[in-house]
Amino acid sequence: MTVSESESDRVHYLDNLRALAMLLGVYLHGALAYAEPSRSIWLATDPQGSRLVDASIWCIHLFRMNLFFLLAGYFAKLLIERKGIGPFLRNRATRIALPFVSFWPVLWAAMAIVFVFALSYVKEPEGLLKAIVDAGRNPAATPAGARYTTMHLWFLYYLMMFSLVGVIAVRWSRLRFDWLFRRSWLLAFLPLTLVAGIRGGGLPIAAPESFVPTWWPWAYYGVFYWFGWQLRGRETLLERLQPWTWWLFLVSAILFVPHYLLLPVLRIDSLQQAVAAGSLTPSLFEAVLAAYLSASSTLTVLLSGRRLLIGASARLRFVADASYWVYLVHLPVVLWLQTLLIPVALPMAVKLVSVVLGTLLVSFATYVVFVRYTPIGWMLNGKRPFP
């Protein structure tokens with residue numbers, strides 16, 4: 001979401017994948033209000049819920065952020081090769097660190113406004129909102145979701161750290177992994193490196209939103225960043241794996257069934273106790289299953305994009321250009337629309353579609369008017385000429 005290439009340097013299918021993954025992110029957050037039972041851990045808990053919606057969000061969650069970190073690793077190495085370490089660090093400071101510092105207080109204020117609106121608007125709060133209201137009477141019971149965090153900007157937070165480690169690796173490390181990538185059968189064991197991170201983060205795979213860095217995102221998301229880094233210059237690996245796309249899809253679909261059935265039931269009234277008791281930590285079998293499912297689903301999406309999204313598309317190019325802005329601003333809009341619709345007597349499907357399309361409309365409209373050809377857009381994507 002953070003690399004700007006010249007027209008001749010763009011890798012179109014990766015741009016298109018980034019665009020579609022961003023759209024899935026808006027759906028994922030929009031659907032959380034209607035995902036039964038997981039909706040109860042979301043701020044805007046709608047009275048209506050669906051097990052099918054719940055399954056869809058955890059399916060998307062298995063590969064979406066993995067894909068973003070993989071793309072970030074790939075483009076990081078690409079940028080260092082073409083520009084050098086100094087320009088790369090300046091690029092990361094401008095494209096990642098500066099947006100994080102600039103947008104965090106703005107987004108926190110926006111989230112606070114949505115929360116205050118929800119308190120006054122929703123007459124009979126449920127789920128996380130109710131838990132926060134109850135915690136006002138008992139501060140010791142404040143739920144984890146209400147604490148001071150990086151919010152959804154945790155992606156940028158860890159990407160900053162991964163970028164610095166990548167520079168150190170380029171500058172001082174002499175490790176080479178040609179022996180691994182020349183032997184496709186060895187790659188079948190690579191998902192096992194994810195197991196420790198999955199057991200540390202728990203299932204469903206958590207969002208590490210704390211300002212205090214923890215180890216498990218390095219052992220999970222860091223592996224995907226490393227893989228994307230190693231993939232740069234070894235793109236022939238994807239050619240070798242391309243014929244296996246349908247098999248990988250089939251494996252992913254089969255593995256998802258037991259994975260989803262084994263996921264803990266996420267309800268706000270029992271989540272705190274589950275965290276305290278460590279019962280969200282998966283067994284070794286569950287962690288291995290999730291590791292192979294995460295790897296196979298991420299690789300399936302990558303290979304499918306390479307095959308189906310190879311050409312340039314003006315629409316997807318626009319979405320890809322706007323994706324960083326949409327990522328930054330969509331969450332308060334999603335929560336506001338979800339909250340607004342809680343007391344409205346509409347079918348759940350209509351609410352979900354309204355939230356997703358409404359969020360995209362607001363996000364894209366503000367991008368065109370306030371961002372694309374302004375200093376904000378220059379910070380996020382680089383300066384572009386006005387048409």
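Contact is taken here as heavy atoms within 4.5 Å. The structure is a predicted model, in which local features need pLDDT of at least 70, side-chain atom pairs count only at pLDDT 80 or more, and totals for chains, interfaces and linings use all residues. Residues are numbered from 1 along each chain as its sequence is written, and side-chain values use heavy atoms, with hydrogens and water left out.

With residues up to four places away in sequence set aside, L14 touches L71, Y74, F75 and L302. Both L14 and L302 are listed among the residues with the most contacts inside the largest nonpolar core, a set of 125 residues. A nonpolar core joins buried Ala, Val, Leu, Ile, Met, Phe, Trp, Tyr and Cys residues through side-chain atoms within 4.5 Å. Helix α15 (residues 314–341) gives the most to this core, with 16 residues. Helices are DSSP runs of H or I of at least four residues, numbered from the N terminus.

Q242 lies in the loop between α11 (236–241) and α12. Its relative accessibility is 13%, so Q242 counts as buried (under 20% relative accessible area, 1.4 Å probe, protein chains only; exposed is over 50%, partly exposed in between). Beyond its neighbours within four places in sequence, Q242 is in contact with L303, R306 and R307. The side chains of Q242 and R306 are joined by a polar contact of 2.7 Å, that is, a pair of N or O atoms within 3.5 Å, one able to donate a hydrogen and the other to accept it.

L250, in helix α12 (residues 245–262), counts as partly exposed because its relative accessibility is 42%.

Note on methods. Helix = DSSP H or I, 4+ residues; strand = E, 2+ residues; numbered from the N terminus.
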